[in-house]
Amino acid sequence: MRPQYEHLTLSPGHSWQLLWRELPELPFLWHYHPEFELTLNARGQRYVGDHLADFSDGDLILLGPNLPHTWSASERIDAGQQMLAVVVWFSRDWLVQLQTSLPELGGLLQLGKRADRGLQFSAAAAAGVRPLMLRMEKLAPAQRLPLLLELLLLLAQDEQAQPLASVASASIAVDTQRQRMGRVLDYMHAHFQAALSVALLAERAALSVGAFHRFFKRHTQLTVTAYLAQLRIGSACQQLIQTDKTIGVIAQEAGYRNLAHFNRQFRAAKGVSPRDFKKRYR
């Protein structure tokens with residue numbers, strides 16, 4: 001199966017990203033991205049390159065850039081609780097800048113090199129780091145950074161960490177086509193609330209409209225319309241969970257000018273209405 005390219009964007013004022021996911025299940029989505037990913041998961045199946053294994057509560061993995069992966073689970077440890085996945089994303093440039101500015105952190109770049117095939121940390125190291133990761137969500141961004149450096153330094157000392165994927169199947173090479181795709185997706189992620197025309201996106205990619213449609217589908221496995229809807233519904237979900245804004249305001253801010261159309265697209269994507277989704281998480 002060909003992995004889907006996932007375009008990640010940092011929140012304004014952030015040099016790395018924290019994702020706190022509470023879900024009824026972990027859907028299978030075979031994908032890759034240029035960023036490192038540190039993931040703490042509960043229980044299910046883990047796919048990293050050509051590696052496949054079951055994992056249990058407290059599983060802690062560091063993935064290198066462009067390494068195809070996914071986590072999948074449908075059975076909760078506690079039927080009354082959502083599945084929790086805590087994810088940290090950061091770039092190789094971020095590690096290089098840390099070492100350049102703070103030579104004492106040079107071990108983190110070496111940790112990154114060890115993660116090119118995926119790295120499963122020992123149970124002892126994961127147990128020591130887990131409380132730090134679980135504290136992050138309630139902290140301000142500036143308070144999260146020293147916590148992240150502390151836990152990465154602890155993981156760099158884990159001599160029992162094991163690589164996952166074989167050398168032959170490790171990462172996907174990043175070529176000029178994917179760099180071009182990145183420029184298009186950067187624009188879409190920054191302006192998804194607006195009425196984006198395919199002609200405008202094709203112009204940014206220096207392609208004809210027809211060639212751009214094929215180019216976009218090849219790299220994302222989605223049409224432009226489907227990808228844009230995914231961005232807008234994702235933004236709406238975040239607002240429904242984190243704010244008290246009305247559904248009409250959230251729909252407008254996500255780029256929908258027609259509330260009925262928003263409700264139809266939301267139900268098609270999530271299986272419930274925006275109102276029921278909000279009740280589930282609030």
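I began with W16, which I found in the loop between strand 1 (4–5) and strand 2 (17–23); strands here are DSSP runs of E with at least two residues, helices runs of H or I with at least four, and both are numbered from the N terminus. I noted that the model is predicted, that local features need pLDDT of at least 70 and side-chain atom pairs pLDDT 80 or more, while totals for chains, interfaces and linings use all residues. Residues are numbered from 1 along each chain as its sequence is written, and side-chain values use heavy atoms, with hydrogens and water left out.

Is W16 buried or exposed? I found W16 buried, with a relative accessible area of 5%, where buried means under 20%, exposed over 50% and partly exposed in between, for a 1.4 Å probe and protein chains only. Leaving aside neighbours within four places in sequence, I listed the contacts of W16, among them W89, F90, W94, M136 and L148, contact being heavy atoms within 4.5 Å. The C-alpha atoms of W16 and W94 are separated by 8.0 Å, although these residues lie 78 residues apart along the chain.

I then followed M136 into helix 3, where M136 is buried together with A125, A126, V129, L132 and M133. Helix 3 bends by about 35° at V129, with a proline, P131, following within four residues; the bend is the angle between axes fitted to the seven residues ending there and the seven starting there.

Last, I looked up where helix 2 meets helix 4, and found G107, L108, L111 and R114 of helix 2 in contact with L149, L152, L153, L155 and A156 of helix 4.
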